[in-house]
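Please read this briefing with the sequence and the structure side by side. The points are grouped by topic.

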Amino acid sequence: MSVRAVFAALAIWLTATQAVAQGFAGLGQTTEGYALPDPATRFTYPADHGSHPEFRIEWWYVTANLQDADGTPYGIQWTLFRNAIRPGGAEADQGWMAHAALSSPGGHYYAERFARGASGQAGVMAEPFEAFIDEWQMAGPDLKTIRLTAQGTEFHYDLQLNADRPFVPQGEGGFSVKSEAGQASHYYSQPFYRVTGTLTLPDGAVEVTGQAWLDREWSSQPLTETQTGWDWISLHLNGGDKLMGYRLRDRDGSAYTVGTWINADGTPEPLAPGQLTMNATDWADVADRQVPVGWDVTLAEQALEINVDAVYPQSWMGTLIPYWEGPVRVTGSHEGVGYLEMSGY
Amino acid sequence: MTRAVIAALLSYWRRRPGQLATLILGLALATALWSGVQAINAEARKTYDEAANVLAGGGLPSLLSPSGTISKETFIRLRRAGWQVSPVIDGWIATPEGRVRLLGIDPFTAPRDGAFGTATEAGAIDDVLGPDGILIASPATADRLRPAYNVREDPAIAPGLAVADLTVAARLLEQPGYSRLMVLEDQPLIRPPLEEIAPKLILEAPETAEDLGRLTDSFHLNLTAFGLLSFAVGLFIVNGAVGLAFEQRRQTFRTLRALGATARTLVIVLIGELLLFAIIAGLAGIVLGYLIAGYLLPDVAATLRGLYGATMEGSLTLSPVWWLSGVAIAILGTALAAAFGLVQVARMPPLAPAKPRAWAMVSQGTARWQLLAALAFLAAALAALAFGSGLIAGFILLGGFLMAAALALPSALALCLRLAARTSRDVMAEWFWADTRQQLPGLSLALMALLLALSANIGVGTMVASFRTTFTGWLDQRLVSDLYVTVEDKAQEDALRAFLTAEGAEILPIWHTDGDILGAPAEIYGVVDHPVYTENWPLLSSMPDAWDQIARGEGALVNEQLARREGLTPGTALTMPGGWETPIVGVYSDYGNPLGQVVIPWAVLVERYPEADKSDFGVLTDDPQALRAGLIGELGLSEDQMIDQGALKAFSLDVFERTFAVTAALNVLTLSVAGLAILTSLLTLSTIRLPQLAPLWSLGTTRRQLAMIELLRAVTLAIVTFLLAIPVGLGLAWVLLSVINVEAFGWKLPMTVFPADWLWLFLAALAAALLSSLWPALQLARRPPADLIRVFTHER
Amino acid sequence: MLLSVKDIVKRFTADATPILEGVSLEVDTGEVVALTGESGSGKSTLLHIIAGLETSESGSVVIDGADLASLDDRGRAALRRTSIGIVFQQFNLIPSLNARQNLSFQARMAGQSPSAAELESLAKALGIAEHLTKYPEELSGGQQQRVAIGRALMPRPRLLLADEPTGNLDEATSDAVFDLLIAQAREAGAGLLVVTHSQALAARADRQLHLSRGRLAE
C-alpha cells in the first residue's frame, strides 16, 4: 500500500502537534542500523506475509467496500503498524499500533490501539497467518482466506475475506519508488478479496457483502524531507480491473504521482511517474480544515477519465496523527468503488 | 462636599501614621494568619490530589489481585479479550533523603490524557522505554534521586513520585508481576465479563484524594481552627484601632455634621476609607501569610510525612483565588470590627456630646447582652457534646465553649474587681479599683483576645504534654525488644537465629502484611507466644483469656482506633483480608498510628499470608550493645539493618515533636497578636482617660505616679484574665483530649496537668500586658501639664 | 425677613419644664442681633435649633424663605452648607487640617472653590495671614477662633450664627474677635445672631435680645 501510514506509525513516538510541526523531517535521518529496500529482492510467500523487524516500519492494511441487502454502501478499514523503537530487530524493540474504522450512513466510527513488542499483546505470524492486536485480528489458515475482526466503543465488524487470484507486487517486482531521490519500499497487494460478514452499529447488526484490498509494505526511509503529505486511491473497477495510485505532494507545490494498473487476472502494469493524473475538484470542511473529497483521475493508456468522490466526506480519522480515509465511488469512463486516503491536510 | 469630607477624614491619618500602621498591621496580621493556614491546607490538598490522580491513573478504577501481583499473562488475556486495561507497577525506592514512590507505567496502553500524559509525551520517549530507561520526576524529587538514577525533570509530576517505563520499574523493584491494572474509560462494544477472563481479580473504584484527605483531615482541621482563632484575635486589634480612630475623630465628625455634612455622606466616606485600608491590609496580609506559610510548611510537610506518609513538597503557589479570598477576609474582618463604630456614627445626632464616656456607657449596657450570648454559646456547646458526633460537632463544642468563656469574661472581671474593691482601705486603692472597673468596657475586647490566646495556650499545651506523657509511657511498654533486626533473606534469618541461640538471646519475629479491613487499609502483625507480650502489653479491654487464646493460635487483637472506628468489641468477629473470620479477643492502645492494626497469632499470619514481610525481628538481650557488635562483626549485618530501642524511641518522639511544632509556632503568634490587641485598646483608652486622670493630677498625684497606676492596671487585668484562663484552658484541653482526639485520631488520652508549664505562660501574659501598656503609660508620664489643664478649661 | 423664628418650645425630657417656652425672634439681612441670658437659659439650644442641629417640639424656623420643618436631615444639612455660617464656642476646627485648609473648608463643603487671593485677603482681614500653614494645636485660642469665623464667612452665608464665640478667650482677645465678627458680618452683608453672656459685648450689636426662663425679652 502507499506510504500513507508511515507518518501514522510514527505517531507512537510523536505527539500530534510536534509531528505536524516537524513535517517529515524526522524521517530523513534515522535509517542507520536498519535494512534498506533492495530492488533485487523478490517476495517469497508465505514468509513475507510475516514481520520484517530488520526494517524500521511495516504494515498490514485492509480496506473494504461493502453494501447491505438494500445496496447501502459501507466501508471498513483494518490496519496494523509495526514500528521499530531501535534497530536490531529484537521483538521487545518493536512498537505496535492499529487503526480500525467503519464508515456508514450513520457516521464514521474509528478506534486506535497500541502495544509493546514481545508482550504478547500484538504480533504477526506468517503461517498459519495471524496478525493481531488485543482482540482485533486478521487470521486465516493463510492470507488468501482470512477472518477480519475489530471493534471500538460504538462499532464492531466480523468479516470473512476470500481471494482466488495471486498477490500483486507493486512497482518494479515489488520495489516501489517513492520519490525522484530514490526512497523506496517493498510493497505488494491482494486486491481481489470477496467479502461477506456482519457489521455491528449503534442501530444494530447489518449483513454485508463486497470486496476488499490488502496492502503489505515495509521500508526504513520512505519519504524525502520536502514531501508534505499524500493522496492515495485504490479502486475496484466494474470490469474486474484494479487501479492503485498515489500523489506525494511536495512542499514546493509539485507532486510525484505513480501507480499500478492491475488487470482482472492479476497482472500488474506499473505506471511511470506522471502517467496517472489526479486533480482535486471538490473540497469539504472536515474537522476544522479543508480536505479534497472529489477528484478527477485520468490514465490515457487505459482511456480512463473518471470522477472519484467520497461516499462519506466526513470520514475523518481523529487518531493520534489524524488523516482522512473512507470509501469512494467511481463514475465516468469507468465505474466502480474504492478507497481514498489523504494525509497532511 | 464629599471631597471635602474625604480630605478632612483622611487628613487625620496623615497626622497619625503610627495609628494607621497599627490598624493596617492588625488587619494584615489577622489576614496573614488566616490565609497562611489556608495556604498550607490548600497546598497539602493539592498535593494529595496530584498524588492520588497519578497513583490512581487519573481517577480510573483498577483491577487488583488479592494475592498480590497480577501476572503478565493475565494482563494479556484481558487485552486479548477486549478489556482495555493498562498495567502499573507500584513500589518504593530508597534515596538518602527518604523513599520515593516509583510508578512503572506502560506508555503504550496508559491513558494519554490523564496524569500519565506528560510521562509518555513527546520526542524523547526512546530514553524512557526499555529496561534501561530513565525516571521522570519533579525537580525536587529528581534532586533526591540523582546521581543513583538517571532522571528527567518534569514539574508536572507530583512530589515524592517518580514515573518510569514498566520495564524499568520491574527491574528496579525486582517485581515480575503488575501491582494493578488501570481500567480505561473507553471500552469496546463487545467484552466478556471479568469472571470469565480473570475470575481472581477484583475491580476497585478509583482511589481519590479523599482517602488521604480523610486521614489528614483532623490535622488540617486543627490548623484551620488555629487560623480562625488567630483571625478572631487579629480582629480585636482592628476593632481597637478602628475604635481609636473613631473616638479621636469624634470632634471632627461633629464639626463636619455642624458644617452641613449629612450622616449618610460621613458613613459612606468612612466605609470607603475602611475599604481602602482593608484592601491594602488584605494584600499585605497575603504576602505576610505567604511568608508564615513558607516558614511553617517544612514542619507541616514533615508532620504529614511522619504521621500519615503523605508527601508534600515544601513550596507554595500563589493563586488568584488566594489573593481574592485574602482581601475578602480582610474586608469581612474590617466590617465586623468597625460595624459598631459605623452604626454609632450613623445614629449620632449632629450635636452629640463629644464626651467619650458615651461610648463606654453603651458598652456597659452590652455587658448583660454579652452574658446572655455567652449562655447561648455554652448551650450550643453542650448540645454539640450531648447530641453531636464527628469532628464538626467536636469543633462546635470547642468554638461554643471558647466564645462563651470570652463573652462571659467582662462580667467575671467586673465581679472580681468589685470583690477586690471591698478589700481596699485607702482612698487611692478605692479609686484604683473603681476606675479599673470603669475601664473594663473599653478593654474587654482586648482582654477577651488575651483570654482566648491564653486558654488556647493552656489547653493545647496540656493536650500536647498529656499526649507526650502517655506516648512515652506507652513507647516504654510497647518497645519490648532491646534490639530490632531486619534480615535480607532466609539464609540470614537462619544465621541470625543460630547466632542468637548461641548467645542466649531470644528472638521474636515481627512479621507483618498490609491489607484492607472493613474497607480501609490496615496493618496485620503476627506475634509469637512469649511472656514478654503478656507482661508488657496492657489491653484496654479484653476477653478474660485473651493472651491464652493468642497463644493457642486463635483470635485477634485490634488497636483502639480500629475498634472505635468500627465499633468493635472483644467477642465480635472480624473479617480479615482473604475473607476468613476470627474473633476479637482484645483491644490495645496504639497512639500515633493513623491506620487500623490487627495482631494475630504468628502461625496464623504465616499460614494465611505467605507473602507477608518476614524480614523484621525483635531481640531480647541483656546487653544490646555487645550483641549489636557481634551481629555486625560475626554475622556481617550492616549498621542500618539494626535499630536499638533507644533510637526507635527517639525517632518516634521526633515524629511526635514535629507534629506539634506547628501548633507551638501558632501558639506564640496568637499570643503576640493578643498583646497587640491590648496595646491598641490601651491607646484608645489613653486618649479618653485624660478627663479622669486630670482631677487626680490636680489633687496632687504626679504624672509619673499616674503612669505607674496605668501600668499596674494593665498588669492586674492581665493577671486576673490569666487566672480565669486556667479553668477555660483546662476545659479546652479536656475537649481536645476526650472529644476531638477520639473523633480525629481514634484514641482517648488521659489528661495530665503540668502547672509548671503555666509559669512561663503567666510571665508571657504579664510581659504582653506590660509591653503593651508601656507606651501609653510613657505618653502619659510625658504629657505636657497644659494638656491636663485643658481638661478644666474645655468642655472636652 | 432673613430669619424668622416663631413660638419655639423645647424641653429636654418629656416631663421636664420647657427650656424654651414659645420663643419668637426675627433677624433681617445685614442686622446684628445679640442674644444674652444666664448660663443654662437655653441660648445655645435656641441657636442649635435655628441651625437645624437640634429639633424643637413645636414652633417654626424659616430661613430665607425655607421652613426647617419642611426639610429632612439632608435638607437641613444642605442649608447649613450653603446659607448658614456657624461659629462655636469651642472653635471646632478640624485638628488634622491646617489653618488654610480649615479656612476654606466650609466653602468647599458648599461646593465652592475659593481662590488663593480670596483666602489671603480674608486671612489678612482676620489677622491670621502669617499662621495659615499652622495646625490648630499650634494656634492660640484667639487665632483658632479667627480661623473659625473665617471658615463660617468664606462661603458668604446669608445668616451667621455664633454661639459664645469668645467664651474661651481672654478679655482682650475676646473684644478684638467680637469686633472682627461683627465687622466681617456687616462687610459680608449677612445677618448675624450672636449668643453671648457678656452685656458689654452685646451692647455692640444693633439689637439685643435677652432669654430668661424660656422666654425672650428685648
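B:Gln251 counts as partly exposed because its relative accessibility is 25%; buried means under 20% relative accessible area, exposed over 50%, and partly exposed in between (1.4 Å probe, protein chains only). This is a predicted model, in which local features need pLDDT of at least 70 and side-chain atom pairs count only at pLDDT 80 or more, while totals for chains, interfaces and linings use all residues. Residues are numbered from 1 along each chain as its sequence is written, chains are lettered from A and ligands numbered from 1 in the order in which they are written, and side-chain values use heavy atoms, with hydrogens and water left out.

**The surroundings of B:Gln251**

- B:Gln251 belongs to helix 10 of chain B, residues 250-258. Helices (H or I, at least four residues) and strands (E, at least two) are DSSP runs, numbered from the N terminus.
- Setting aside neighbours within four places in sequence, B:Gln251 is in contact with C:Asn92 and C:Leu93. Contact means heavy atoms within 4.5 Å.

**Where chain C meets chain B**

- The contact involves 26 residues from chain C and 26 residues from chain B.
- About 2400 Å² is buried between chain C and chain B, and 57% of it is on carbon and sulfur atoms. Buried area is the accessible area (1.4 Å probe) that two parts lose on being put together, summed over both.
- On the side of chain C, the residues that lose the most area to chain B are C:Leu53, C:Ser96 and C:Met109, which together give 22% of what that side buries.
- Helix 2 (73-82) and helix 3 (99-109) of chain C each supply at least two residues of the side that touches chain B.
- A salt bridge is a side-chain nitrogen of Lys or Arg within 4 Å of a carboxyl oxygen of Asp or Glu.

**Where chain B meets chain A**

- In this interface, 28 residues of chain B are in contact with 27 residues of chain A.
- Chain B and chain A bury about 2200 Å² between them, with carbon and sulfur atoms giving 57%.
- The rule finds 4 salt bridges across the interface of chain B and chain A. In one salt bridge, the side chains of A:Arg116 and B:Asp106 meet at 3.1 Å, N to O.
- There are 9 residue pairs in polar contact between chain B and chain A (both at pLDDT 80 or more).
- Helix 3 (72-80), helix 5 (125-128) and helix 7 (166-173) of chain B each supply at least two residues of the side that touches chain A. Helix 3 of chain B gives the most to that side, with 4 residues.

**Strands of chain C**

- Strand 7 of chain C (residues 159-163) is largely enclosed by the rest of the structure, because 5 of its 5 residues are buried.
- C:Leu159, C:Leu161 and C:Asp163 point one way from strand 7 of chain C, C:Leu160 and C:Ala162 point the other way, and all are buried.
- Strand 6 (residues 84-87) and strand 7 of chain C run parallel and are joined by 4 bridges; C:Gly85 stands opposite C:Leu160. Two strands pair if DSSP finds at least two bridges between them.
- Strand 7 of chain C also pairs with strand 8 (residues 191-195) of chain C, in the parallel sense, over 5 bridges. There, the bridge partner of C:Leu159 is C:Gly191.
- Elsewhere in chain C, 4 strands form an open antiparallel sheet in the order 2-1-4-5. Its edge strands are strand 2 (20-27) and strand 5 (66-67), each pairing on one side only.
- Strand 4 (residues 58-63) and strand 5 of chain C run antiparallel and are joined by 2 bridges; C:Val62 stands opposite C:Asp67.

- Chain A has 2 helices and 23 strands, and 59% of its 345 residues are buried.
- Chain B has 25 helices and 19 strands, and 55% of its 796 residues count as buried.

Notes: Polar contact = N/O pair within 3.5 Å; in protein donor to acceptor, adjacent residues only side chain to side chain.
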